[in-house]
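My notes follow the display.

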Amino acid sequence: MTYAAALSGRRSIAGCPYVVTAVTAHRISLFWSFEFAAIVARELHSLHRDNCCQMIAWVIMPDHLHALLALNAISLSQIVQRLKGRTALAINRRRESRERVWQQGFHDHALRREESIVVAARYVVTNPLRAGLVRRLGEYSFWDQSLVAFPGESSKDVTASTCL
């Protein structure tokens with residue numbers, strides 16, 4: 001399937017939680033650099049602060065990132081475009097380069113009604129453990145989660161009730 005064909009089926013539903021994965025160009029382990037990973041972390045927080053989305057959980061791996069977020073007013077593609085565009089500019093300024101930072105496109109998964117947001121958040125933030133990068137999550141610097149219950153729901157068992 002071509003990239004354009006994959007895009008034709010992409011939908012952005014306000015309030016719907018999505019797991020998003022974006023990969024560095026050529027899968028270069030760019031984010032072993034604390035400075036570059038911090039640039040991405042600041043932009044993830046900025047997306048939440050600017051009310052583009054509710055950032056539920058994220059992790060920055062050496063060559064990719066995963067984020068669990070719920071959409072607000074702008075589309076998923078616009079969120080990823082802002083994230084990748086701003087971080088690429090900042091990283092390239094620091095390394096005095098014009099090299100590509102990110103691969104084209106991104107992978108997304110809209111959580112289904114029955115899927116647990118808590119389980120998805122755990123999956124996202126435990127990536128460094130599964131990859132063998134650390135033995136305990138507290139040893140890894142670049143992850144965050146803020147499990148906030150939606151109105152009428154318990155944070156212990158939040159599901160994607162606003163979605164597919």
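These entries cover the cysteines, then the serine.

I am working with a predicted model, where local features need pLDDT of at least 70, side-chain atom pairs count only at pLDDT 80 or more, and totals for chains, interfaces and linings use all residues. Residues are numbered from 1 along each chain as its sequence is written, and side-chain values use heavy atoms, with hydrogens and water left out.

**Cysteines.** How many disulfides does the structure hold? I found 0 disulfides, a disulfide being a pair of cysteine sulfur atoms within 2.5 Å. I then checked Cys52. Its closest cysteine sulfur is in Cys53, at 6.3 Å, so the gap is too far for a bond.

I looked up accessibility next. Buried means under 20% relative accessible area, exposed over 50%, and partly exposed in between (1.4 Å probe, protein chains only). Cys52 has 10% relative accessibility and counts as buried. Cys53 has 1% and counts as buried.

**Ser46.** I located Ser46 in helix H2, residues 34-49. Helices are DSSP runs (H or I, at least four residues), numbered from the N terminus. Is Ser46 buried or exposed? Ser46 is buried, because its relative accessibility is 5%.

I listed its polar contacts, meaning pairs of N or O atoms within 3.5 Å; within protein, one must be able to donate a hydrogen and the other to accept it, and residues adjacent in sequence count only if both atoms are side-chain atoms. The side chain of Ser46 reaches that of Arg82 at 2.7 Å. The side chain of Arg49 makes a polar contact of 3.2 Å with that of Ser46.

Last, I checked contacts (heavy atoms within 4.5 Å). Leaving out residues up to four places away in sequence, Ser46 touches Arg82 and Arg86.

Notes
Helices (H or I, at least four residues) and strands (E, at least two) are DSSP runs, numbered from the N terminus.
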